[in-house]
Amino acid sequence: MKKIVSLLICAIFFLGFGCSTGKYFSCKKSWCPLKKKCLTTSVSDSTCLMKKNLADKRRPKELCPMKALKALRAGNKRFVTGTSIHPNTDDDSLLHAGNADQGDYAIATVITCSDSRVPVERIFDAGVMDIFVVRVAGNVCDVDEIGSIEYGLAHVHTPVLVVLGHTKCGAVTAVTHAFHGKKHQLERNIPPLIDNIEPAVKRAATKYSNLHGDDLIPHAIVENVWQSIEDLFMNSPSTRDLVKKGKVKVVGAIYNVTTGSVEWMPESDVIKILENVGKNPNRALNPYATDKKAAHQEH
Ligand SMILES: [Zn+2]
């Protein structure tokens with residue numbers, strides 16, 4: 001009896017699957033994955049959007065940085081309180097993304113650590129086309145990361161950049177341990193990555209000379225966010241310009257991997273860093289690439 005039931009289930013599954021794939025392969029026009037059928041006219045995917053007009057969700061052309069920040073804060077509050085609404089994650093949103101320009105939708109660029117405890121869209125309760133994300137161990141700002149940020153600000157037109165560090169950061173912890181003499185062998189490509197973090201750890205050690213061992217790590221994590229912002233401003237004249245014109249706001253923040261909460265750092269400190277970089281003769285000056293190696297050549 002059991003055998004007959006199992007065979008029956010297999011047959012039903014196979015027939016169902018076969019029907020659907022058969023229709024897909026015989027579809028000469030447009031296959032609509034949402035309706036799971038072949039459309040009769042030759043049209044784009046957007047014709048199979050059903051429930052609502054997602055074009056209405058476009059970001060206002062000149063979205064105020066404060067409003068974008070407010071949306072991120074509200075999203076994190078929902079995440080922390082267990083009231084996430086998971087916006088823009090349904091089938092309609094996916095299909096729409098294939099035909100839309102992210103530059104009309106994304107409200108923020110976020111650079112953060114690669115750590116798996118920092119799921120960016122989740123912690124801001126955001127979805128498809130909401131956030132332009134740059135991820136790298138230790139949320140450092142080196143050439144590739146700065147290039148990605150410049151794209152997010154100048155081409156995706158996001159009015160906010162969040163430099164997001166996080167508690168318990170392994171990259172910052174490793175550099176702090178090395179600073180205290182606890183070194184171990186590293187793979188060949190790791191040193192050029194973590195050398196971006198070293199100035200932050202040294203500064204934290206100077207500022208908090210009374211602290212020892214792992215007590216220094218939370219301060220090094222904060223300093224590392226400021227360091228990334230300084231490195232960005234030093235090497236990206238176009239970002240400095242967008243901030244000075246008020247088109248973009250750069251903010252530092254720390255994500256708490258235990259509570260899910262984002263703690264926002266003082267915006268006044270970002271302005272101080274920008275002012276100091278403006279006086280630094282070593283800052284990059286040309287906002288545009290003159291050739292493909294511009295970022296490496298100009299210093
Ligand atoms: Zn990390």
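## Pairing of strands E3 and E5

Val 110 has Val 162 in E5 as its bridge partner. This pair belongs to the contact between strand E3 (residues 108–112) and E5, where four bridges join the two strands in a parallel arrangement. Thr 109, in turn, stands opposite Leu 161 in E5. The model under discussion is predicted.

Leu 161 also takes part in pairing with E6, where its bridge partner is Val 250. Strand E5 (residues 160–166) and E6 run parallel and are joined by seven bridges. A further position of this pairing is Gly 165, whose bridge partner in E6 is Ile 254.

## The five-stranded sheet

E3, E5 and E6 are part of an open sheet of five strands, in the order E4-E3-E5-E6-E7, with mixed pairing. Strand E4 (131–135) and E7 stand at the edges; each has a single partner strand, so one side of each has no neighbour in the sheet. On average, neighbouring strands of this sheet are turned by 25 degrees against each other, direction ignored. Helix H9 packs on the sheet, where it touches E5 and E6, and its direction makes about 160 degrees with that of E6.

Tyr 255 has Val 262 in E7 as its bridge partner. E6 and E7 form a hairpin with six residues between them, and Gly 260 in the turn has a positive phi of about 85 degrees.

In E5, both faces are covered. Val 160, Val 162, Leu 164 and His 166 are buried on one side, and Leu 161, Val 163 and Gly 165 are buried on the other. Seven of the seven residues of E5 are therefore buried, and the strand is mostly covered.

Strand E6 (residues 249–255) has six of its seven residues buried, so the rest of the structure largely encloses it. For the protein as a whole, 31% of the 299 residues count as buried.

## The nonpolar core

The largest nonpolar core has 58 residues. Those with the most contacts inside this core are Ala 108, Val 160, Leu 161, Val 162, Val 163, Ile 229 and Val 250. Helix H9 (residues 217–235) supplies the largest share of the core, seven residues.

Ile 229 touches Val 163, Val 250, Gly 252, Val 270 and Ile 273, leaving aside residues up to four places away in sequence. Across the protein, among contacts between residues at least 6 apart in sequence, 72% join residues at least 24 apart.

The protein has 12 helices and seven strands. Two packed helices are described by the angle between their axes and the distance between the axes. For helix H8 (residues 198–207) and H9, the angle is about 130 degrees and the axes are 8 Å apart. That angle makes H8 oblique to H9. H8 passes H9 in a right-handed crossing. On the H8 side, Pro 199, Ala 200, Val 201, Arg 203, Ala 204 and Lys 207 meet His 219, Ala 220, Glu 223, Asn 224 and Gln 227 in H9.

Helix H6 (residues 170–179) has several buried residues, namely Ala 171, Val 172, Ala 174, Val 175 and Thr 176. The buried residues of H6 pack against helix H7 (191–194), H8 and H9. Just after H6, Gly 181 takes a positive phi of about 95 degrees.

## Ala 71 in helix H2

Is Ala 71 buried, exposed or partly exposed? This residue is found in helix H2 (residues 65–80). Ala 71 has 19 other C-beta atoms within 10 Å.

How values were computed:
Residues are numbered from 1 along each chain as its sequence is written. This is a predicted model: local features need pLDDT of at least 70, side-chain atom pairs count only at pLDDT 80 or more; totals for chains, interfaces and linings use all residues. A nonpolar core is a set of buried Ala, Val, Leu, Ile, Met, Phe, Trp, Tyr and Cys residues joined through C-beta atoms within 7 Å. A residue is buried if 20 or more other C-beta atoms lie within 10 Å of its own, exposed if 12 or fewer, and partly exposed in between; C-beta atoms are placed from the backbone. Two residues are in contact if their C-beta atoms, placed from the backbone, lie within 7 Å. Two strands pair if DSSP finds at least two bridges between them. Axes are lines fitted to C-alpha atoms, for helices over the stretch in contact, and angles run from 0 to 180 degrees between N-to-C directions. Angles under 35 degrees count as roughly parallel, over 145 as roughly antiparallel, 65 to 115 as roughly perpendicular and the rest as oblique. A crossing is left-handed if the near helix is turned anticlockwise from the far one by less than a right angle, and right-handed if clockwise.
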